[in-house]
Amino acid sequence: GSLRREDGGMRRLLTSMAELFVRGVTLDWSGVLPRVPGPVDLPTYAFDHRHYWLHPAGAATDAPSLGLAGADHPMLGAVVPLPRSGGLVFTSRLSVRSHPWLADHTIGGVVVVPSAGLVELAVRAGDEAGCAVLGELVVENLLVLPEHGGVRVQVVLSGPADDGSRTVDVYSLSEDGADVWTRHATGQLLTTPANREPFDAAAWPPPGARELAMDADDLYGDLARRGFAYGRALRCVRAVWRRGEELFAEIALPEELVADAGRFGLHPALLDAALHPALLSAADGEPRQPLDWRGFVLHAAGASVLRVRLAPNGPDAVSLAAADEAGGPVVTVDSVVSRPVSAGRPGTVVASTVRATSLFQVDWTELAAAEEPAPAWVAVATADDVAALGGDVPAAAVLQATAGGADAALPLTSRVLAAVQAWLAGAGLEESR
């Protein structure tokens, strides 16, 4: 570098020496640098008016910084206490990206949150309010997730009634710019459960039960061909037994979901699969979904393996009891009613004609046809036309009033006034229009 044309002098020499030094050549700097007793300060940076380190913008990024309380649940983000009423609002956002296991539950080719997921939301909200028993939850509209993006979800609890019970409603709002909230489920939360006979799962398989040779892949495949697809995350059934009208099953979460099981009360994939034995045993019938839940009590949280007992409990309904591998109770449900769901319209529920426990029903009362003839319309243009009606009184009349130009406005107004005056003065026209 020191041999370049028009590039010499002491600065060039020192620069070339520095280039050699940083490449490992040993140099004796004592001939050019002053002797100092100790280390020298590093050169300063030219950051006179800008900070080197970035400062946080101070934007709120978690529930406490937004003035909320964290819900500590995989499907709920925060909880907001409502002043004066004592109610609570739980907020969340669901999508197939944040909850990939939801993509394994599709109806008609679109992702639908299983009703067991709505049950989990309601039960978790009830725990926060001291209402651990889900007395009833009726699913009115299935919660559909878009292929891209997500939906905002709110679980709304009313203030406590005199007996401590609360109403619970689950709403969603899409992120496509819509401003209308859809209610998906409504129900009631209670403070104390009813007394029930516990499910004895210590002896397993149950004595006298016969194992069913069920090919789950074939049965799930048949459902998929009719528009009801269950992916790996929800295919949790391992074995099924039958004893009379009772069904028993062993179900287990897939390995990729076991780690998160402890964060749920009962993982919705496991709860949904607990009802699959009844669904699979009737796979040749009309596809149904569990939509009405009554008497849901969670005895132990975080289970990943269940021993399940299903028993008939009315039309299209079963009772459910489940225990863990040691026989300890996990969940009991008095009644789960399954109803048809249209694969062509996955967001809608096909309502039954009469709900078994409803005081109301839809009926059709045919009315007799009207005896009087349809109204007769008569056109009039002048007062003479009105007078010519005579005794032939029409049910209605139309006054024809048109003007050919600005100069015809006064004659037209005069003609209309005369026709109206003749109408008001005419006899027998009181009931006409």
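Good morning. I begin with one pair of side chains: in this predicted model, R339 forms a salt bridge with D292, and their closest N and O atoms are 2.9 Å apart. R339 lies in strand β18, residues 329-340, and D292 in strand β15, so the pair ties together parts that are 47 residues apart in sequence. Is R339 buried or exposed? Its relative accessibility is 8%, so R339 counts as buried. D292, at 2%, counts as buried too.

Strand β15, which spans residues 288-298, also holds R288. The side chain of R288 meets that of D316 in a salt bridge, at 3.5 Å from N to O. D316 sits in the loop between β16 (305-312) and β17 (317-323), so this pair links parts 28 residues apart in sequence. Here both partners are partly exposed: D316 has a relative accessible area of 45%, and R288 has 24% relative accessibility.

A further salt bridge joins R263 and D260, at 4.0 Å from N to O. R263 is partly exposed, at 45%, as is D260, at 35%. How many salt bridges does the structure hold? The count is 13.

Let us now turn to the whole chain. It contains eight helices and 20 strands, and of its 433 residues, 37% count as buried. Among contacts between residues at least 6 apart in sequence, 62% join residues at least 24 apart.

Finally, a word on confidence. The mean pLDDT is 84, and 87% of residues reach 70 or more. Over residues 350-358, however, pLDDT stays under 50. Where pLDDT is low, the predicted coordinates should not be read in detail.

Methods: Residues numbered from 1 in each chain as written. Predicted model: local features only at pLDDT ≥ 70, side-chain atom pairs only at ≥ 80, totals over all residues. Heavy atoms only, no water. pLDDT = per-residue confidence, 0-100. Contact = heavy atoms within 4.5 Å. Helix = DSSP H or I, 4+ residues; strand = E, 2+ residues; numbered from the N terminus. Buried < 20%, exposed > 50% of the residue type's maximum accessible area, 1.4 Å probe, protein only.
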